[in-house]
Amino acid sequence: MKIRFDFKSIRVRLWLYFLILAVIILAMVWFLQVYFMKEYYEEMKMRDVNSLSNAFATAYNNEDEALADSIRNMSVTNDYYFMMEYSGQILTFQPDTEVAKPVYTYQRLLPNLKDALASGGSDSVSVKFSAGAEDYFTLGYARILEKHEPTVGSGDETQDNNVYLFIFTPLYPVDSTVEILKSQLTLITLFTLVVAFVLALLFSRRISRPIKAITSEARKLGDGDFNVKFPGKSYSEVNKLAETLNTAAYEMAQTDNRQKDLIANVSHDLKTPLTLIRSYAEMIRDLSGDDPVKRNANLDVIIDESDRMSNLISDMARVSQMSRHETKLDMEYFDLVRLTAEILTSYDIYVTRDGYDFIFNAPEEALVYADRDNISQVLTNLISNAVKYCGEDKMVIVSIRKTGKVFRVEVSDHGPGIKQEEIPHVWDRYYKASSNYVRPTKGSGLGLSIVKEILTLHKAEFGVISQEGEGSTFWFELDVAKKP
């Protein structure tokens, strides 16, 4: 197994972090077990003494008949020496004789504990006594179980009548124990570091393998291969990353396809009018130059196709501007009904020439606050779209009605309609249902895309309702505005 120590690599960093964590844990174990062993041992002894004294005091106050047996069990099993003193009488409980120290070695310390009690002013006290050797100590504990007034004897001596509890326990040297722990911890440390090293390598490889695979596929994506698949089946974060990148690759592939289709359609839409312009210009030059009627008819075709190219270029420039978020809204109050009526007037030529029927249903007034020119563009594009795709009845219905706090504008036709699965894509540039983005009708193919961008800038709701074979209704809503 070859390891490259690239410290910017996630695999190496995970490996290092795992080892650092193991070293920190081992260091804490060494620190606590070796350097704090003595302090911890004495503190533990002190806690045990306090616990035993409380148990003794409870049994004594409750006049437990089994007190002596309880104390004897405590002393034998825990290596503690219990002494009770009352009026100079001492009752002693000690461990088994095989391990017990002579009792008198502790009886000599009783006056010191009493003095510590008297000077401390409390009902209990703990004192650490040296046992003669430099590293050997005894922990002594004293507690007053009952307080009684002292009495004066015949020789004027004062008799202490308090009931005392004394507990003694040896504090054994821990140096040898520490040395044993050091030897054990050394072996444990070596074993733990080896295991940590192996586990760190395994875990770092397991975690980094899917990331390396994703990185490899990402390079292919950067080179233009949009058919890559980012592998998942790993940790949830990696799976989410792979899912996001797969979605991005799919969207990029769609964008690339649409970009190619855009170039193809723009080329087609520009080539067609240019061909017509050239053809009719040649006809004027060669055939109809002296015939005013034919010449004017040919010139009308040239003008129409020039306008078509101009509109295409204008629509492309507008979409490009909106894509760069450079469009700024010029908000104003205006009557939506009046604006729609003015736009419909420009379609009278379709009524007289081609027999179209435009039906306009609207209230007397619909005051809104929006960008008048942009909303005019929206209405024009929707009506033009309905004209191009209306049915055999050549009927276009434009409706405005108030719904709550909004005015809803609908443009309907009785044309071929749109398949349900294709409705979400009608707002895409150059999208044509079931026709690979090729539009047989005249127009830039960007009209609905421009509608979407303008209404999105207005934060307006919009959509389309369509049934295949029954026609379509495009709609949008603008907030009702109060008169300024």
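Among the contacts in the protein with a separation of 6 or more, 66% are accounted for by residues 24 or more positions apart. This is a predicted model, and its secondary structure comes to 12 helices and 14 strands. Of the 484 residues, 37% count as buried, while the accessible surface comes to about 29200 Å², of which carbon and sulfur atoms hold 54%.

**The nonpolar cores**

The largest nonpolar core has 41 residues, and the members that touch the most others are Leu336, Ile375 and Ile383. Two or more residues of this core come from each of several elements, including helix H9 (336–345), strand S10 (367–371), helix H11 (372–389) and strand S14 (471–479). H11 gives the most to this core, with seven residues. If neighbours within four places in sequence are left aside, Leu336 is in contact with Ala366, Val368, Ile375, Leu379, Ile400, Val409 and Leu478. A second, separate core holds 18 residues, among them Val49, Leu52, Tyr80 and Tyr141.

**Aromatic rings**

A search of the whole structure finds nine aromatic pairs, and two of them are set out here.

| Pair | Distance of ring centres | Angle of planes |
|---|---|---|
| Phe56 and Phe82 | 6.0 Å | 15° |
| Tyr106 and Phe168 | 5.0 Å | 15° |

The planes of Phe56 and Phe82 stand at 15°, so this pair is stacked. Because Phe56 lies in helix H2 (residues 37–61) and Phe82 in strand S1 (residues 81–86), the pair ties together parts that are 26 residues apart in sequence. Phe56 is buried, with a relative accessible area of 1%, and Phe82 is buried as well, with a value of 0%.

The rings of Tyr106 and Phe168 also have their planes at 15°, so they too form a stacked pair. Tyr106 belongs to helix H4 (residues 104–107) and Phe168 to strand S7 (residues 163–171), so this pair ties together parts that are 62 residues apart in sequence. Both Tyr106 and Phe168 are buried.

Elsewhere, Tyr347, Tyr350, Tyr356 and Phe358 form one aromatic cluster. Over the ring of Tyr350 sits the charged end of Arg353, 5.7 Å from the ring centre. In another place, the charged end of Arg408 sits over the ring of Trp475, 4.0 Å from its centre.

**Where to read with care**

The average pLDDT of the protein is 76, and 71% of the residues score at least 70. Confidence is lowest in helix H3 (residues 67–78), with a mean of 63, and highest in strand S12 (residues 406–413), at 94. Over residues 1–7 the pLDDT stays under 50, and the model has 11 contacts beyond four places in sequence for this stretch. The pLDDT also stays under 50 over residues 434–441, for which the model has 22 such contacts beyond four places in sequence. Where pLDDT is low, the predicted coordinates should not be read in detail.

Notes:
Residues numbered from 1 in each chain as written. Predicted model: local features only at pLDDT ≥ 70, side-chain atom pairs only at ≥ 80, totals over all residues. Heavy atoms only, no water. Phe/Tyr/Trp six-rings, centres within 6.5 Å; stacked < 30°, edge-to-face > 60°. Helix = DSSP H or I, 4+ residues; strand = E, 2+ residues; numbered from the N terminus. Buried < 20%, exposed > 50% of the residue type's maximum accessible area, 1.4 Å probe, protein only. Lys NZ or Arg CZ within 6 Å of the ring centre and 35° of its normal. Contact = heavy atoms within 4.5 Å. Areas by Shrake-Rupley, 256 points an atom, 1.4 Å probe, with all protein chains shown as cover. pLDDT = per-residue confidence, 0-100. Core = buried A, V, L, I, M, F, W, Y, C linked by side-chain atoms within 4.5 Å.
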